[in-house]
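The sequence and model come first, and the notes follow.

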Amino acid sequence: MAHTADDALPGTTTSFTQHSRLTGHDYLIQVALPQVAPPQGGYPVLLVLDGNRYLDLFTAARDVLGRRGFDKAPSDLAIVAVGYAGTDEQAEAARGTVTTLHFKDFTPPLTSGTAPEGTGGGEDFLAYLTQALPSELASRYPLDLERPALVGHSLGGLFALHAQQQAPEAFGAIFAISPSLWWLQENDQANWPLRLVCSEATGPVLIAAGGREQSPQPQRNDPERDRQRVKRAMIDNAHAYARQLGERCPQIEVQWRRYAGEDHGSVMWPAARSVMEMLSGAR
């Protein structure tokens with residue numbers, strides 16, 4: 001159970017809500033502090049999108065994998081999960097609401113044409129993450145917020161790549177898991193293939209997908225869904241993006257991983273391990 005931020009102690013998870021005037025949304029911010037005292041300068045931070053869903057996964061990954069051996073000290077990484085207030089993703093009735101919010105916050109504005117209704121709010125959400133949220137976190141917790149790492153999955157992965165392109169100086173590392181690049185391919189064809197820009201400020205970038213994400217699923221007996229999975233090319237698009245970014249921007253540490261046997265949902269299990277391994281190696 002999350003406590004209030006006033007109770008924040010090492011090893012506890014606390015929460016607060018924050019309204020953004022830019023996006024118009026109310027966010028549930030959950031902060032899982034590690035089981036050690038804060039280092040000088042504050043705890044390093046991993047920002048987790050889809051926070052309602054993935055807080056527990058990344059907290060467990062940190063606590064289990066972060067020790068790097070039974071005789072080692074626990075990880076000093078703080079998990080800051082950004083989700084939506086008043087939603088329970090385990091409840092069927094809330095899933096549609098959360099999906100609607102994701103499409104608004106996680107999709108970038110188009111370079112040409114008009115974005116589908118209820119999409120294209122990525123710039124406002126990026127401003128929230130880099131401006132309003134850090135100041136509120138700093139007033140409540142001993143965190144190092146200079147350049148937090150950012151992880152997103154699916155539409156959140158698409159947003160993570162957008163953040164890397166638009167605000168590379170704001171994040172220490174970017175983890176884009178199964179990024180929904182199909183959304184740009186379908187809606188921003190004038191900018192496809194994407195024209196990527198480079199910045200010396202960019203930290204490491206991991207782009208990954210599950211090995212089964214664009215394969216048909218005959219056991220579901222849903223031919224239309226199978227056609228969509230193949231058309232959206234989750235693996236091919238993500239791999240091509242990673243290759244293009246690495247070739248165009250050789251100064252950036254770009255990693256591509258394909259997790260064999262994993263699908264769109266299960267891919268987050270091995271991805272969480274990769275995230276923790278990369279962040280542990282960086283400290």
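The structure holds 1 disulfide, the term being used for a pair of cysteine sulfur atoms within 2.5 Å. The model is predicted: local features need pLDDT of at least 70, side-chain atom pairs count only at pLDDT 80 or more, and totals for chains, interfaces and linings use all residues. Residues are numbered from 1 along each chain as its sequence is written, and side-chain values use heavy atoms, with hydrogens and water left out.

**Disulfide**
- The bond joins C198 and C249, whose sulfur atoms are 1.9 Å apart.
- C198 sits in the loop between α5 (182-187) and β8 (205-210), and C249 in the loop between α7 (234-248) and β9 (254-259), so the pair ties together parts 51 residues apart in sequence.
- Helices (H or I, at least four residues) and strands (E, at least two) are DSSP runs, numbered from the N terminus.
- The S-S torsion of C198 and C249 is about -80°, so this disulfide is left-handed.
- C198 is partly exposed at 34% relative accessible area, while C249 is buried at 0%.
- Buried means under 20% relative accessible area, exposed over 50%, and partly exposed in between (1.4 Å probe, protein chains only).

**Cis peptide bond**
- W192 and P193 are joined by a cis peptide bond, with omega about 0°.
- P193 belongs to the loop between α5 and β8.

**Positive phi**
- S154, a residue other than glycine, has a positive phi near 65°.
- S154 is in the loop between β6 (149-153) and α4 (155-166) and is buried at 17% relative accessibility.
- A233, not a glycine, has a positive phi of about 50°.
- A233 is in the loop between α6 (223-232) and α7 and is buried at 11% relative accessibility.
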